[in-house]
Amino acid sequence: MPLKFHWFSLPISMVLATIYMYYVTQYKPAQKRGKLLQDLDMKVVYQPALCDLRAGEGDLLHVHYTSFLAVAGKQFETTKGGEPYVFKLGKCGNSTKPECMQGFRNAVTGMCTGEKRKVTIPPKLGFEKKVRPREIGADEKLVFHIEMVDIDKV
């Protein structure tokens, strides 16, 4: 038995194809975050064998970090040798602190307790121009060695 062609199906197919093509070419919400993560040079230095808890938006994080200027290799801040740095992920209290940098937030999101990462943050994801410390140049990349000490889920 041959298949029968119905003329009314052609305009419906054209409308559906047009809507689909518009959606595919215009609607890209995840692309921006993917692009920002692509700009980060992130390497996992140590991954614990068991990872039950991952850092997420709104969690209280306890981290140790050491930050360097990428080109000069000069260290400009560290929490090693003292108490871990504690902050709420997604909240920016003091704009001169690392949790206010888009690159730092992206770097710690998804980390497990005990995990260590080395992250190179480009200038556009670093400190804002008006709050950038003096030792950091306008187009300076920053390198952070981050260790997740503890995660408090809120």
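Among contacts in the chain between residues at least 6 apart in sequence, 70% join residues at least 24 apart; contact here means heavy atoms within 4.5 Å. This is a predicted model, in which local features need pLDDT of at least 70 and side-chain atom pairs count only at pLDDT 80 or more, while totals for chains, interfaces and linings use all residues. Residues are numbered from 1 along each chain as its sequence is written, and side-chain values use heavy atoms, with hydrogens and water left out.

**Whole chain**

The chain has 3 helices and 6 strands. From the N terminus on, the order of elements is α-α-β-β-β-β-α-β-β. Helices (H or I, at least four residues) and strands (E, at least two) are DSSP runs, numbered from the N terminus. The radius of gyration of the chain is 23 Å, well over the 15 Å that the globule rule gives for 154 residues, so the chain is more spread out than a compact globule. That radius is taken over C-alpha atoms, and the globule rule is 2.2 Å times the number of residues to the power 0.38. Along the principal axes, the C-alpha atoms fill a box of roughly 80 × 40 × 25 Å.

Now switch to a surface view. The accessible surface of the chain is about 10200 Å², and 58% of this belongs to carbon and sulfur atoms (Shrake-Rupley method with a 1.4 Å probe; for residues, only the protein chains shown count as cover). Of the 154 residues in the chain, 32% are buried. Buried means under 20% relative accessible area, exposed over 50%, and partly exposed in between (1.4 Å probe, protein chains only).

**Residues 6-25**

Select residues 6-25, which UniProt lists as "transmembrane region" in an unreviewed entry. UniProt positions are in the numbering used here, feature names are shortened, and annotations may be inferred rather than shown by experiment. Over residues 6-25 the chain is 85% helix and 0% strand. The end C-alpha atoms of this stretch are 30 Å apart.

**Disulfides**

How many disulfides does a search of the whole structure find? The search finds 2, a disulfide being a pair of cysteine sulfur atoms within 2.5 Å.

Pick Cys 51 and Cys 112, which are joined with an S to S distance of 1.5 Å. Cys 51 lies in the loop between β1 (41-46) and β2 (60-69) and Cys 112 in the loop between α3 (102-108) and β5 (116-121), so the pair ties together parts that are 61 residues apart in sequence. Cys 51 is partly exposed at 23% relative accessible area, whereas Cys 112 is buried at 1%. The torsion about their S-S bond is about -80°, so this disulfide is left-handed.

Move to Cys 92 and Cys 100, joined with an S to S distance of 1.8 Å. Here the torsion about the S-S bond is about 100°, so the disulfide is right-handed. Cys 92 is partly exposed at 40% relative accessible area, and Cys 100 is buried at 14%. With the bonded cysteines numbered in sequence order, the pairing is 1-4, 2-3.

**His 64**

Finally, select His 64, in strand β2. Is His 64 buried or exposed? His 64 is buried, with a relative accessible area of 12%. Leaving aside neighbours within four places in sequence, the contacts of His 64 include Lys 80, Glu 83, His 145 and Glu 147. The side chains of His 64 and Thr 79 are joined by a polar contact of 3.1 Å. A polar contact is a pair of N or O atoms within 3.5 Å; within protein, one must be able to donate a hydrogen and the other to accept it, and residues adjacent in sequence count only if both atoms are side-chain atoms.
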